[in-house]
Amino acid sequence: MSGEHFTADRILLFGATGDLSQRMLLPSLCALHSDGLIDSDLKIIGTARSELSDSEFRNFAREALEKYMPAERRSGTAEFLNRLSYQQLDATTLEGYKALAEKLGEPKHGLAIFLSTAPSLFEPTIKGLQHAGLDGENVRMCLEKPLGIDLRSSCEINDAVAAAFPEDRIFRIDHYLGKETVQNLLALRFANLMFEPIWNAAHIDHVQITVAETVGLESRVGYYDDSGALRDMVQNHMLQLLALVAMEPPGHFDATAVRDEKVKVLRALRSVESGETVTGQYRAGAIGGQAVPGYDDELGKDSDTETFVAIKAYVDNWRWKGVPFYLRTGKRLPERVTEIVVQFRCVPHSIFAEKGATMQPNRLVIGIQPEENVTLSLMTKVPGLDREGIRLRQVPLDIAMPDAFVGQHRRIAYERLLLDLVEGDQTLFVRRDEVEAQWQWIDAIREGWHSQNLKPKTYTAGSWGPSAAIALAERDGVSWHE
């Protein structure tokens, strides 16, 4: 397809003076430059409403790199800054796009556009790009979330983009897919013979996926109160993790095969019934020994927006029949952690019971952040002699990624994704039918909340959410992994 036939030699960054650009995009591109992973002729053009010259934008970028990038990874910064230029643009007026096109020049190979703006600017931006002829066969479009607030608004955005770009040249980012351990989940499943034969309902009791944050609103006040935890975290990041855990083995490791299998999982998600979700909102408490205000206090007004959600989900297919997937995410929780827990079933018969040994089922824990690690808990004999019988204990088999790969840099997720954007590999990007399947499931949950007039339960900042979330799992004899 046309989206795969060229390596771009121009990147155009919309929102180039924004927070995402400073924290993630510019440091990621600089790291790719320092590691020699992008061609020497790749040029980076930033655009935003601010009036800056090329030299002022380079100074802006230098300050961002010094603030957000480890010193040991900033080698070659001066050469990287020489790649940068800037063009001021009011995205809502067509006139400025011609000047933007002139600034870009004629790419030898192709142009990759990274669109990080408010969703309300997507449609006028696309029209402006078309007006300036920046929608040709050698142009790719990368979209940063949020892509709508529900299925209807998401379709409107996707329709606007599709009017100028075919699906094989649209790259929708979910930055979790760029994380090393998320990609390693595919390697664990499909590069190791031991897991796949037991990766099913016959051997797995349940799966837990937790995305916990210690922070509150920070600088996302307006966006978060209109979104909430369900749309901010579950609709994209958590459903993508669920799909990677539950998908069937693809025939090939390419964009079409991998995403086809993910879509099948998302379409097989059972509608969530009453009593299978819990919502919460944090009140004042303490994080790390420091007092923090409640959500309404931070927001400055009363709100019914949820900052915590727990869901018991099911994937209705042969592989996962009857296996619950417990999803949990929230703000102002005790730890910053993202992890996947695969809880296996107990052995069908313990030959050690008559010797007084207590058995525990195996458990696979995949840590995504802040530490990237994989832990498999196994039953082993406690060394020594015991006149009463044999003693067993669960012992973790740990793979700490930084220890296993000494000397490898810990990369920002955007490094992988920006490199794939330049080279045209869509495997770690989200296809339109994935987005729509995710929104259909999320919209049904929200409609259920609305019909029941469900309000978030309060929980103290620094706790693991409302007590009802604990009960959601414990009714099935399951404890959240903490």
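Reply: Let's start with strand S2, residues 43-48: 5 of its 6 residues are buried, so the strand is largely enclosed by the rest of the structure. Keep in mind that this is a predicted model. On one side, S2 pairs with S1 in the parallel sense, over 5 bridges. Within that pairing, Phe14 has Thr47 of S2 as its bridge partner. To get from S1 to S2, the chain passes through helix H1 (residues 19-34), and this β-α-β crossover is right-handed. S2 also runs parallel to S3, joined to it by 5 bridges. There, Ile44 has Leu84 of S3 as its bridge partner.

Now zoom out to the whole sheet. It is an open one of 6 strands, in the order S3-S2-S1-S4-S5-S6, with parallel pairing. At the edges stand S3 (84-88) and S6 (170-172), each with a single partner strand, so one side of each has no neighbour in the sheet. On average, neighbouring strands here are turned by 20° against each other, direction ignored.

Back to S1, which has another partner to look at. S1 and S4 pair in the parallel sense, again over 5 bridges. Phe14 turns up here too, standing opposite Leu115 in S4. So what packs against these strands? Just after H5, Gly133 takes a positive phi of about 75°.

The structure holds 11 aromatic pairs. In one of them, the rings of Phe114 and Tyr414 have their centres 6.5 Å apart and their planes at 55°, so the pair counts as tilted. Phe114 sits in S4 and Tyr414 in helix H12 (residues 413-423), so this pair ties together parts that are 300 residues apart in sequence. Both Phe114 and Tyr414 are buried. For another geometry, take Phe195 and Trp199: their pair is edge-to-face, at 6.1 Å centre to centre with 80° between the planes. Phe195 is buried, with a relative accessible area of 8%, and Trp199 counts as buried at 2%. Ring pairs also link Tyr224, Tyr282, Tyr295, Phe308 and Tyr459 into a cluster.

One last stop, for an exposed residue. Ser271 is in the loop between helix H9 (255-267) and strand S8 (277-283), and at 52% relative accessibility it counts as exposed. Leaving aside residues up to four places away in sequence, Ser271 touches Glu276 and Trp441. Ser271 and Val315 are 9.6 Å apart in space, C-alpha to C-alpha, and 44 residues apart in sequence.

Methods: Residues are numbered from 1 along each chain as its sequence is written. This is a predicted model: local features need pLDDT of at least 70, side-chain atom pairs count only at pLDDT 80 or more; totals for chains, interfaces and linings use all residues. Side-chain values use heavy atoms; hydrogens and water are left out. Helices (H or I, at least four residues) and strands (E, at least two) are DSSP runs, numbered from the N terminus. Two strands pair if DSSP finds at least two bridges between them. Axes are lines fitted to C-alpha atoms, for helices over the stretch in contact, and angles run from 0 to 180 degrees between N-to-C directions. Buried means under 20% relative accessible area, exposed over 50%, partly exposed in between (1.4 Å probe, protein chains only). A crossover is right-handed if, with the strands pointing away from the viewer, the path from the first strand over the helix to the second runs clockwise. Rings of Phe, Tyr and Trp (its six-membered ring) pair if their centres lie within 6.5 Å; planes under 30 degrees apart count as stacked, over 60 as edge-to-face and the rest as tilted. Contact means heavy atoms within 4.5 Å.
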